[in-house]
Amino acid sequence: MKAAPLSSVRDGDVLLLVGTAKGAFVFRSDRSRRRWEKSGPHFPGRSVYAMAYDGREGRNRIWAAPKSLHWGAELVSSDDFGRTWSQPETPRISFPEKAGATLAHVWQITPGGTDEPDRLFCGVEPSALFESRDGGRTWALNEGLWNHPHRPKWMPGGGGLCLHTILTDPARPERLMIATSTGGVYRSDDGGSTWQARNRGIKAYFLKDKEPEFGQCVHKIVHPSGKPDRFFLQHHFGLYRSDDAGDSWRAAARGVPSDFGFAMATHPRDADTVYIVPLQSDEFRCPPEGKLRVYRTRDGARSWKPLSRGLPQKDSFDTILRDGLATDRDDPAGVYFGTRNGWLYASRDEGETWSAIAENLPQIACVRAVTVAGRARARRPRSAAAPRRTVRRRKAA
Amino acid sequence: MPVRFLVPGPLRDFAGGRTHVEVAGSPRTLGEALRALEEAFPGVVRRVLDEQGEVRPHVNLFVGEDCVRFGDGLATPLPEGCEIAILPAVSGG
């Protein structure tokens, strides 16, 4: 199966990178965000839990992490918006022999700050952090986290033992925050050399000790722009806010029909605005009352308001996974989410109204919204994407 | 006599498009043959074996007619001039 490429991509276009259980899709629209062009599936049959866009230093690079049930998980990249993919002979990410572990899946790809344009991170299963300092050519296991004394006691959640969230801080490049399920939140203040659990206040109802130092099942953390110490967190049960960079967390679920959910996303400019999709219980994991609603806070999680115009309000048995919700950088902000039943919804008015831009896709695992900037298609990246020989494929890898 | 690998479709890009690859020398075991194959085509072997050197769980290797999963694994002795088939298992969802 050959994935038709996007017809063209211009500066200012909005891309949606959509990873699914059966491949990846790339959607494109101009800034109006009214009509969407689809490209995909790329890597048909392979599950893609993580995608990312690196627009630093004039790059227009898409990263994706397809996993073949047979041949393993890999990290691939495209510098032409998915027309071709660079897949090194030797997979970029693998555990060193002494770690005794094998890569099961890549759950998160996170470019570093603009002041470190060649730094990238990946969170993987089994829970570990990998880092590249050369634009993604080579990767190394973060030994500080891997050798953390808590790690052998981390337990897999329903999706596996995965490191699914990586947050960098533009104001403090030495500060990193990660979340693993289950294990919880860990923060490094020295660039990743050492890590400390940061779960105080997060209640683990599923454990004997309800407020352990670690072991929480954190589903997602987000970091609003312009507030270096503010974070919001969606737990297995519970919504939380921190104003001290995770040193402590306080409950912030006032006004939601359920404090269970997976996904969470920030507004591109307003640090008080956050989006979530509540789900009923940890057993059913479908929208409460069969009504698919995004909830938004405009006051830093003191209150939440349902957003439902254009979304199914009856018999919705869908699930939105932890990376299935995203916002773009535009004004008004676009909000997007993908569902386990393969629906991709978009709002171009900050969540007030919604429409489906795709349906019957495979189960959607991740959605990333990207505004293309900087001479799309024209510039070659500063650093090559792959070491050694590279297989470039026009069709699915 | 050299042994010959049958390369499955999804891995042929890593073997220069070949359906079959012969490895030089006279490897005595399947593990030795894979090491020889890796020298020429590392992209094939890194997708057959994981980073700890184990055969991936959904890949089957046949020496002649026999699946090594039910035998000696990578220590399986190789008859002279045998064919080794790399086959994806019937699994998925």
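The largest nonpolar core of this predicted model holds 104 residues, and the members that touch the most others are A:Met51, A:Val106, A:Ala263, A:Leu325 and A:Val367. Leaving aside residues up to four places away in sequence, A:Met51 touches A:Leu17, A:Gly19, A:Ala24, A:Ile62, A:Trp63, A:Ala64, A:Ile109, A:Cys366 and A:Arg368. Nonpolar side chains tend to be buried together in soluble globular proteins.

In chain A, four strands make an open, antiparallel sheet, ordered S3-S2-S1-S29. Strands S3 (37-42) and S29 (364-371) of chain A are at the edges and each has a single partner strand, so one side of each lacks a neighbour in the sheet. On average, neighbouring strands of this sheet are turned by 15° against each other, direction ignored. Strand S2 of chain A, residues 23-29, runs antiparallel to S3(A) and is joined to S3(A) by four bridges. Within this part of the sheet, A:Arg28 has A:Glu37 of S3(A) as its bridge partner.

Chain B has five strands and two helices. Read from the N terminus, its elements follow the order β-β-α-α-β-β-β. The radius of gyration of chain B is 12 Å, close to the 12 Å given by the globule rule for 93 residues, so chain B is as compact as a globular protein of that length. Further values for chain B are listed here.

| Property of chain B | Value |
|---|---|
| Span of the C-alpha trace along its principal axes | about 40 × 30 × 25 Å |
| Share of the 93 residues that count as buried | 31% |
| Share of contacts with a separation of 6 or more that join residues 24 or more positions apart | 53% |

How many residues of chain A are in contact with chain B? There are 15, and they meet 17 residues of chain B. On the side of chain A that touches chain B, six residues are nonpolar, six are polar and three are charged. The size of an interface is often given in another way, as the accessible area lost when the parts come together.

Methods: Residues numbered from 1 in each chain as written. Chains lettered and ligands numbered in written order. Predicted model: local features only at pLDDT ≥ 70, side-chain atom pairs only at ≥ 80, totals over all residues. Rg over C-alpha atoms; globule rule 2.2 N^0.38 Å. Buried ≥ 20, exposed ≤ 12 C-beta atoms within 10 Å, placed from the backbone. Contact = placed C-beta atoms within 7 Å. Nonpolar A, V, L, I, M, F, W, Y, C, P; charged D, E, K, R; others polar. Core = buried A, V, L, I, M, F, W, Y, C linked by C-beta atoms within 7 Å. Pairing = 2+ DSSP bridges. Axes fitted to C-alpha atoms, helices over the stretch in contact; angles between N-to-C directions.
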